[in-house]
Amino acid sequence: MKKAALWLSGLRLMLVVVSVLLAWYSFTALAQRPARQKATSPAVKQGICGTVVEKRGNHMPSVGSPGLDSQKATPSGTPVEREVLVFPLLNMNQVDAGDNGFINSVRDAKPVKTVRSDKNGKFCVDLPIGRYSVMVREPKGLYANLSDTQNNIFPVTVQKNRQSAITVEITHQAVF
């Protein structure tokens, strides 16, 4: 009788352990499976696809802290919805620059395409082969915080049958 009770108790323990292991396996398998994402726009075969992120607050390196975004604990920024404007390649001498990355006027330049990033900051735009400048619209005006060695504003090259992947960082409210 004692052997049967001991055997039954061991069997119960084994069933509990197996149940816990199966539950853990199921949970981790679901957690590791990539989430389905809705397409934000039709497939772009040639053009620019990217993410718009905003960085605010202190990003200065310090002991014990990598300089984190004040809205989200990541140095990469918070994805945001913004109007994204794609111009033919613009040089700083073709625009009226303002303070802190803002463009007061693009003079007679017209955007080739204008799109809006989604709530995850994602956008894609079909474009012909060429060189372009990318800007975002902020309440204070157009914004671009990158330029190359020839003073071209946020230059992006679109090649035949390729997507150029970019990240547009809005950093006018951040300290580095």
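**View 1. The disulfide of Cys 49 and Cys 124 in a predicted model.** The link of Cys 49 and Cys 124 is right-handed, with 120° about the S-S bond. It joins distant parts of the chain: Cys 49 lies in strand β1 (residues 47-58) and Cys 124 in strand β7 (residues 122-126), 75 residues apart. The two sulfur atoms are 2.1 Å apart, where a disulfide is defined as a pair of cysteine sulfur atoms within 2.5 Å. A search of the whole structure finds one disulfide. Such a link is a covalent bond between the sulfur atoms of two cysteines. Strands (E, at least two residues) and helices (H or I, at least four) are DSSP runs, numbered from the N terminus. This is a predicted model, in which local features need pLDDT of at least 70 and side-chain atom pairs count only at pLDDT 80 or more, while totals for chains, interfaces and linings use all residues. Residues are numbered from 1 along each chain as its sequence is written, and side-chain values use heavy atoms, with hydrogens and water left out.

**View 2. Accessibility of the two cysteines.** Cys 49 counts as buried because its relative accessibility is 10%. Cys 124, with a relative accessible area of 24%, is partly exposed. Buried means under 20% relative accessible area, exposed over 50%, and partly exposed in between (1.4 Å probe, protein chains only).

**View 3. Surroundings of Leu 142.** Leu 142 is placed in strand β9 (residues 141-143). Its relative accessible area is 10%, so Leu 142 is buried. Leaving aside neighbours within four places in sequence, Leu 142 is in contact with Leu 85, Phe 87, Gly 101, Phe 102, Ile 103, Val 106, Met 135, Val 136 and Arg 137. Contact means heavy atoms within 4.5 Å. The C-alpha atoms of Leu 142 and Ser 105 are separated by 8.1 Å, and these residues are 37 apart along the chain.

**View 4. Two segments with pLDDT under 50.** Over residues 27-41 pLDDT stays under 50, and the model has two contacts beyond four places in sequence for this segment. Over residues 67-73 pLDDT also stays under 50, with 24 contacts beyond four places in sequence. pLDDT is the predictor's confidence in each residue, from 0 to 100. For the protein chain the mean pLDDT is 80, and 66% of its residues reach 70 or more.

**View 5. The protein chain as background to the close-ups.** The protein chain has one helix and eleven strands. Of its 176 residues, 34% count as buried. Among contacts between residues at least 6 apart in sequence, 71% join residues at least 24 apart.
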